[in-house]
Amino acid sequence: MKTKLNLNTENVTLDIKPSEIKVVKAIDLEIMQEEEKIESEFLKRPKSNPFKTPEYYFDTLEDRIMANIQYQDKKKTKPSGIIQYMKPVLGLAASFALVYLLVYYPINTFLLKDTAQVASTDSTETDWSEAYSVTLSNISENTLVNAIFSEESNAVTEANPDELLAYLSSGMNDIEIYSEIQN
Amino acid sequence: MYPNVLRMTTDQQILDSLKDASTRELAFRYLVSKYKERLYWHIRKIVMNHDDTDDVLQNTFIKIWNGMDSFRGDSSLFTWLYRIATNESITFLNQRKRKSLSSLTEETQYLADNLEGDEYFDGDEWQILLQKAIATLPEKQRLVFNMKYFDEIKYEDMSAILETSVGALKASYHHAVRKVEDFIRMNEDKIEP
């Protein structure tokens, strides 16, 4: 016991105060005494390993671990879960966008003038509010601006008074037209 | 078996080979080969059951593989590997505890059941009693007891693995042995002579 204590004392650096050395000695002494007591009373039996492993377990362990690591690495390189989850939805959205670009947009763009012309010439049979809303929904701002300031639209401002009167009276009944004329 | 890494006899040589992308995988395989058994038995004594040990060991090596770049060499490779294995084992037991167990008594019962239900346990009655006694210990004391009593790891190394002072480890071991001794004394009469 004394030998062990002397060894511990030799390991103490000069920075430690003498009062602290006493504390260290006391703790070590107590622990070592307890350990010796324990060794003598309890741990005399020979140690043996009661646990087993399946046959050849360690022989195949490296292969299984490396395969597992490769699998984990592959999983890491795949896109994240949310993108994988959203993939069908994104595909569907892309298809709609493609159809819109290839079919719907050209039809609207190229047939817009025809629609407008039909609407202006066939004013007696056209539901104006419906035509107005349909046209507005299909016309972009630029198209609208061009239409307003184009020569064709200027021609409308030079229309003769009879046509204007017919246009203005299209939504009136006979009584209203009569009162307007009288005024 | 490892033609390109035959020179990897020391941990430092393994670490050097792990840094090179061309030898990384082979070096890791060598590392697994070198430490698989020691880590297995360390984990096995904590979680007790073979199947659970296999799961924890796999996770441990995956963590080691993923964390290789973060190993700075402040501690020895052996210490670092043991620390990861210990943390994985404790995490595993805590997950089990959160799922179904709430107290130390239940955890002890779980570990004891785990032991008796494990076809890869071949101990006699005294060894079963010893393992049951170890299972009654609080987590830290159980770790210290296993590492000191079975693995005979030095307190200095244990201190680096568990990040605890040597004095505290000695005290833990002392308390652990006393509790194991008491448990065995109280239950020894149940063992048939």
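**Helix 7 of chain B and its surroundings**

In this predicted model, helix 7 of chain B covers residues 139-150, and its 12 residues reach 16 Å from the first C-alpha to the last, close to the 16 Å expected at 1.5 Å a residue. The buried residues of helix 7 of chain B are B:Gln141, B:Arg142, B:Leu143, B:Val144, B:Phe145, B:Met147 and B:Lys148.

B:Asp151 lies in the loop between helix 7 and helix 8 of chain B, the latter covering residues 155-162. B:Asp151 counts as partly exposed because 14 other C-beta atoms lie within 10 Å, a number between the limit of 12 or fewer for exposed residues and that of 20 or more for buried ones. When residues up to four places away in sequence are left out, B:Asp151 touches B:His42 and B:Asn146. B:Asp151 and B:His42 are 109 residues apart in sequence, yet their C-alpha atoms are 7.7 Å apart in space. Also just after helix 7 of chain B, B:Glu152 takes a positive phi of about 50 degrees. Most residues other than glycine have a negative phi.

A positive phi is also found at B:Met48, a residue other than glycine, where the value is near 75 degrees. B:Met48 belongs to the loop between helix 2 (24-47) and helix 3 (50-67) of chain B, and B:Met48 is buried because 24 other C-beta atoms lie within 10 Å. A:Tyr56 is placed in the loop between helix 2 (18-41) and helix 3 (57-77) of chain A, but A:Tyr56 is exposed, because 8 other C-beta atoms lie within 10 Å.

The crossing of helix 2 of chain B past helix 3 of chain B is right-handed. On the side of helix 2 of chain B, the residues that meet helix 3 of chain B are B:Phe28, B:Val32, B:Leu39, B:Tyr40, B:Ile43, B:Arg44 and B:Val47, and their counterparts in helix 3 of chain B are B:Asp52, B:Thr53, B:Val56, B:Leu57, B:Thr60, B:Phe61 and B:Trp65. Sorted by class, this contact between helix 2 and helix 3 of chain B has 10 nonpolar, two polar and two charged residues.

Finally, there is the contact with the other chain, which takes 23 residues from chain B and 21 residues from chain A. On the side of chain B that touches chain A, the elements that give two or more residues are helix 2, helix 3 and helix 9 (166-187) of chain B. The residues on that side of chain B divide into nine nonpolar, seven polar and seven charged. As for chain A, its secondary structure comes to nine helices and zero strands, and of its 183 residues 2% count as buried.

Methods. Residues numbered from 1 in each chain as written. Chains lettered and ligands numbered in written order. Predicted model: local features only at pLDDT ≥ 70, side-chain atom pairs only at ≥ 80, totals over all residues. Helix = DSSP H or I, 4+ residues; strand = E, 2+ residues; numbered from the N terminus. Expected span 1.5 Å × (residues − 1). Contact = placed C-beta atoms within 7 Å. Left-handed = near helix turned anticlockwise from the far one by under 90°. Nonpolar A, V, L, I, M, F, W, Y, C, P; charged D, E, K, R; others polar.
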